[in-house]
Amino acid sequence: MDHFLRTHVRMYDEERMARLCSLDIFDDMISFLRIFLDFCGADVLLMEKFRWNFRTWLCFWVLVSFTICLIYTITYSSENIFAIMDTLSLSGIALQGAFKRGVLIYMHGALTRVKYYQQKYIGVRAMYIQFCKEPDNNLALSKCVLTITYIFRFFLLIYAAGGLAYFIIPVYMLVVHQKVTLILHLELPFVDPRQLTGYIVTTIYQGVMIILAIAGILAADMAIMILVLHIFGIVDIFSNKIKELDRMVDCANVNHEAVRRKVTEICIIHREIIKYEEDLDECYHTTVFIQVMSSVSCLSMALFVVYMTRDWTRVMFIGATFFQLLEFCILGTALTLKNDQARIALYHSKWYLLSISDQQRLKFVLHRSQNAVEMTIGGLALLNMETFVAIMKTIYSYFTMMITFIE
């Protein structure tokens with residue numbers, strides 16, 4: 001991965017990418033992903049060799065203890081409404097961890113879907129093996145995997161900065177305000193953080209939890225991006241095949257048998273696109289629902305606590321939660337845009353030069369592309385930027401409602 005990134009100064013230098021094998025770039029990206037998977041004990045790409053190990057169990061018990069600590073802290077701070085809401089805002093992390101990607105490990109989001117992720121990895125890699133020898137498709141796949149790589153580098157920077165901020169905040173509060181502050185408003189049962197020993201134990205526990213959280217989030221977000229954003233490469237290959245068909249029918253001596261085979265290939269690729277999108281929605285519609293619902297509640301409560309207490313140490317948590325919600329909505333929008341690209345490419349093809357039977361087949365494909373599968377929020381609403389704006393309005397409404405109730 002480092003060799004690849006050093007080799008490419010410009011993000012989309014097509015001359016350089018044309019000399020590279022997209023399969024090699026993909027393998028480098030997967031190797032980088034597996035570093036984080038292995039750190040969390042969730043390297044499902046070991047295939048049949050995958051087993052729960054020490055790191056898997058460590059993350060599991062940290063997640064369980066996190067839930068216990070949440071309940072204990074809420075009970076312990078029952079007299080302070082703002083402390084309760086601050087702690088409840090953290091509960092969204094546990095809920096997302098259980099259903100989404102495992103802030104501490106892929107409890108539901110991956111470990112119970114080992115076979116699914118393994119099959120998808122094999123399928124995507126097979127696509128690279130099949131098309132990396134074709135110059136146009138190799139270039140399309142190289143652009144796709146390079147886009148994912150750069151997005152992941154951005155995610156790595158954001159989450160690393162966010163995690164570092166959590167550790168800097170207690171130091172800042174101690175040096176500037178002479179106030180001992182926990183990293184998170186989360187206490188261990190029967191451990192008094194107001195005493196030196198209890199404070200050290202609680203801080204170490206929270207530090208370990210945050211490190212595991214960052215690794216788990218990065219691994220899960222990258223896995224989701226790899227699956228969703230590869231629709232870019234598949235649709236670009238589909239568009240290239242349509243261009244090849246146009247060149248074939250434009251020839252003076254048309255090889256009708258070759259044209260028929262190309263139309264068949266286009267139909268097969270489009271069917272694979274539809275199946276790929278259906279699998280994505282089936283796999284993630286519950287995950288997305290939990291993500292959206294928990295984000296709405298967490299952001300509303302966290303904003304309220306910051307506004308009422310002026311405790312700006314929680315701003316980083318608000319930013320991270322907002323960023324995760326935005327990430328999913330962008331992925332859903334990207335899927336919609338690529339569906340539009342596939343439909344437009346087919347519509348503008350030279351289908352009118354084909355035989356009647358081939359025209360009928362492409363007509364069916366065009367009709368199917370007008371009702372493309374899109375990612376949804378539990379099947380209740382489309383996952384896109386329009387929904388994101390609606391969600392932000394909902395969060396603001398809840399926030400203002402709570403302020404009005406208190407005042």
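User: Is E134 buried, partly exposed or exposed?
Analyst: This is a predicted model. E134 has 26% relative accessibility, so E134 counts as partly exposed.

User: Which side chain does E134 pair with?
Analyst: E134 forms a salt bridge with K241, at 3.2 Å from N to O. The two sit in distant parts of the chain, 107 residues apart. K241 is in helix α8 (residues 196-250), and E134 is in the loop between α6 (114-131) and α7 (135-177).

User: And K241, buried or exposed?
Analyst: K241 is buried, because its relative accessible area is 2% and the cut-off for buried is under 20%.

User: What about K241 and E265, how far apart are the closest N and O atoms?
Analyst: They are 3.1 Å apart, and the pair is a salt bridge. K241 lies in helix α8 and E265 in helix α9 (residues 256-309), so this pair ties together parts that are 24 residues apart in sequence. E265 is partly exposed, with a relative accessible area of 23%.

User: Which residues are joined into one network there?
Analyst: E134, K241, E244, K262 and E265, through salt bridges that share partners.

User: Different spot. What do the side chains of R194 and D192 do?
Analyst: R194 and D192 meet in a salt bridge, 3.2 Å from N to O. R194 counts as exposed at 57% relative accessibility, while D192 is partly exposed at 27%.

User: How many salt bridges does the count come to?
Analyst: The count comes to 15 salt bridges.

How values were computed
Residues numbered from 1 in each chain as written. Predicted model: local features only at pLDDT ≥ 70, side-chain atom pairs only at ≥ 80, totals over all residues. Heavy atoms only, no water. Salt bridge = Lys/Arg side-chain N within 4 Å of Asp/Glu carboxyl O. Helix = DSSP H or I, 4+ residues; strand = E, 2+ residues; numbered from the N terminus. Buried < 20%, exposed > 50% of the residue type's maximum accessible area, 1.4 Å probe, protein only.
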